Amino acid sequence: MSTIRTFARSHPLLVTAVGLAIGLAVIWFVPSDGSLANMMFIRLGLTIVMFAIMAVAAGCNIIVPNAKSIGLSFKKSIYPLVVALVMGVFVLLGTAMKNEGMVSDWPLQLALVIMLCLLVGTFEEGLFRDIVFSGLLARFGETRRGLIGAVIVSSLIFGFVHVTPSIMNGQVVTGLDMAQAALKTLQAGILGAFLAALFLKTRNIWGIALVHGLNDLFVMLGDALFSGTTSTTYVNNDAMMASASVVMYGVFFLLYIPIIVSTVRMLKQVEVPCKGPFADRWS
C-alpha cells in the first residue's frame with residue numbers, strides 16, 4: 001500500500017486523469033433506466049471506487065467523518081442551501097402542477113432519493129474535489145496563482161460535466177442551447193469553487209459531501225415524489241422554455257454573489273504553498 005501511495009503522490013495528475021476517466025465513463029456509458037433504485041446502485045459502486053482511490057492517494061484521514069468539519073461545512077453553507085431550498089420549492093410546485101398526484105409508493109421513493117443524493121454528494125465530491133482538485137493542487141499549489149487556477153479549472157470541469165449528456169445527445173445546436181449549456185457550466189462551477197474552498201478549510205470530504213447531497217435533494221425531490229425518477233436536462237430545446245431558463249440563470253447569478261464573496265474570502269485565508277491531501281497529511 002505504501003508503494004502505491006508513494007507512486008500516487010508522485011504522479012498526482014495521473015491519479016486525477018484515471019479517477020476522472022473512471023467516473024465519467026460510468027456516468028456517460030453505463031445504461032440506466034432512470035429509476036431511483038438503478039441510479040442509486042450505480043452511484044454506490046462509483047462511491048466505493050472513488051473512496052478507494054482517495055484512501056490510496058491521500059490516506060484514510062480524509063474519508064473518516066469529522067464532526068467538527070461537518071458542523072463548519074453546514075455553518076458556512078447556510079446561504080447556498082437556502083438558495084437551493086427556494087429553487088427546490090419552485091421545482092416541487094411546478095412538478096406538482098404537471099402531475100395528478102404523488103406516486104403511490106412515495107415513502108419508498110423519498111427514502112431512495114435521500115440515499116441517492118447522499119451517494120451523489122460523496123461520489124462527486126470524492127471525484128471533483130478530492131481527486132481532480134487535489135491532483136491539480138499537488139502539481140500547481142506552490143503559488144497563490146496556482147491555487148486559484150486549480151480551483152477554477154476543477155470547478156469548470158465539474159460544471160461542464162453537467163451539460164455533457166446534452167452535448168453528446170445532440171441537444172446543443174442553437175445559440176440558445178449554447179447559452180444554456182454555458183450558463184449551467186458557470187452556475188455549477190461557482191458552487192464547485194465554493195465547495196473547493198470549503199474543502200480546503202475543513203480538510204475533510206464528509207462536510208462538503210453532505211452539503212452537496214442536501215443541495216441536490218432540494219432540486220430532485222419534486223421529480224422523485226411525483227414521477228419516481230430524477231431525470232434532469234439542463235438544455236431545453238423549446239425556444240420559450242430555453243429563454244425562461246436563461247433568465248432564471250441570470251437571477252441565480254445575482255443570488256450567487258454572496259457565494260462568490262464567501263469563496264474568495266475562504267481562499268484568501270489559505271496559506272501557500274498548499275499542495276493538498278495528495279502531498280500533505282491532513283488531520
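Eleven helices and zero strands make up the secondary structure of the protein, which is described here from a predicted model. Read along the sequence, the elements follow the pattern α-α-α-α-α-α-α-α-α-α-α. The radius of gyration is 19 Å, close to the 19 Å that the globule rule gives for 283 residues, and the protein is therefore as compact as a globular protein of that length. The C-alpha trace spans about 55 × 35 × 35 Å along its principal axes.

Of the 283 residues, 47% count as buried. Among contacts with a separation of 6 or more, 86% are accounted for by residues 24 or more positions apart. The accessible surface comes to about 13600 Å², and carbon and sulfur atoms contribute 71% of this area.

By class, the lining of the second largest pocket consists of eleven nonpolar, three polar and two charged residues.

Leaving aside neighbours within four places in sequence, glutamate 125 is in contact with Asp130, Leu195, Ile205, Ile208, Ala209 and His212. Glutamate 125 and methionine 50 are 75 residues apart in sequence, and their C-alpha atoms are 9.3 Å apart in space. Methionine 115 also lies in helix α6, which covers residues 106-140. The relative accessible area of methionine 115 is 39%, so this residue is partly exposed. Between the C-alpha atoms of methionine 115 and leucine 217 the separation is 9.5 Å, although the two residues are 102 positions apart along the chain.

Glycine 94 is located in helix α5 (residues 78-98). With a relative accessibility of 27%, glycine 94 counts as partly exposed. Glycine 94 and aspartate 130 are 36 residues apart along the chain, and their C-alpha atoms are separated by 35 Å. Aspartate 130 is also one of the residues in contact with glutamate 125.

Most residues other than glycine have a negative phi, and most peptide bonds are trans. Arginine 203 has a phi near 55 degrees, a positive value in a residue other than glycine. This arginine is found in the loop between α8 and α9 (205-227). At 36% relative accessibility, arginine 203 counts as partly exposed. Proline 273 lies in the segment after α11.

How values were computed
Residues numbered from 1 in each chain as written. Predicted model: local features only at pLDDT ≥ 70, side-chain atom pairs only at ≥ 80, totals over all residues. Heavy atoms only, no water. Nonpolar A, V, L, I, M, F, W, Y, C, P; charged D, E, K, R; others polar. Helix = DSSP H or I, 4+ residues; strand = E, 2+ residues; numbered from the N terminus. Rg over C-alpha atoms; globule rule 2.2 N^0.38 Å. Buried < 20%, exposed > 50% of the residue type's maximum accessible area, 1.4 Å probe, protein only. Contact = heavy atoms within 4.5 Å. Areas by Shrake-Rupley, 256 points an atom, 1.4 Å probe, with all protein chains shown as cover.
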